[in-house]
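Visitor: I would like to go through this model and ask how its labels were assigned.
Guide: Go ahead; here it is.

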Amino acid sequence: MKIIHKTSKNETRELLLKEYFLNAYLIAMLKRVGEETGRIARRREESALEPAPVRIR
């Protein structure tokens, strides 16, 4: 399926609908991967900074 846009200069631009949605899906997926990676990295930093228990004999 094609989308045809006319610009103000009366030129036409054709975009493939599949390509448009594929690009939108990839952008959303990369954004989600970045958010999850950041969340995991923050969790690791927090756990690395916790004090270790000490035993005195």
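**Labels and their grounds**

Guide: In this predicted model, valine 33 lies in helix H1, which covers residues 17-48.

Visitor: Why is valine 33 called partly exposed?
Guide: Its relative accessible area is 47%. Buried means under 20% and exposed means over 50%, so valine 33, at 47%, falls in between and is partly exposed.

Visitor: What makes phenylalanine 21 count as exposed?
Guide: Phenylalanine 21 has a relative accessibility of 51%. The label needs over 50%, therefore phenylalanine 21 counts as exposed.

Visitor: How many aromatic pairs are there?
Guide: The count comes to one aromatic pair. Tyrosine 20 and phenylalanine 21 form it, with 5.3 Å centre to centre and 80° between the planes.

Visitor: Which residues form the nonpolar patch on the surface?
Guide: Leu22, Tyr25, Leu26, Met29 and Val33 form it, and together they have about 470 Å² of accessible area.

Visitor: What pattern does the protein chain follow along the sequence?
Guide: The pattern is β-β-α, from two strands and one helix.

Visitor: What share of the protein chain counts as buried?
Guide: Of its 57 residues, 0% count as buried. The accessible surface of the chain is about 6,100 Å², and 58% of that belongs to carbon and sulfur atoms.

Technical notes:
Residues are numbered from 1 along each chain as its sequence is written. This is a predicted model: local features need pLDDT of at least 70, side-chain atom pairs count only at pLDDT 80 or more; totals for chains, interfaces and linings use all residues. Side-chain values use heavy atoms; hydrogens and water are left out. Patches are made of residues with over 30% relative accessible area and no salt bridge: like charges are joined within 9 Å, nonpolar side chains (Val, Leu, Ile, Met, Phe, Trp, Tyr) within 5 Å. Accessible areas come from the Shrake-Rupley method with a 1.4 Å probe; for residues, only the protein chains shown count as cover. A salt bridge is a side-chain nitrogen of Lys or Arg within 4 Å of a carboxyl oxygen of Asp or Glu. Helices (H or I, at least four residues) and strands (E, at least two) are DSSP runs, numbered from the N terminus. Buried means under 20% relative accessible area, exposed over 50%, partly exposed in between (1.4 Å probe, protein chains only). Rings of Phe, Tyr and Trp (its six-membered ring) pair if their centres lie within 6.5 Å; planes under 30 degrees apart count as stacked, over 60 as edge-to-face and the rest as tilted.
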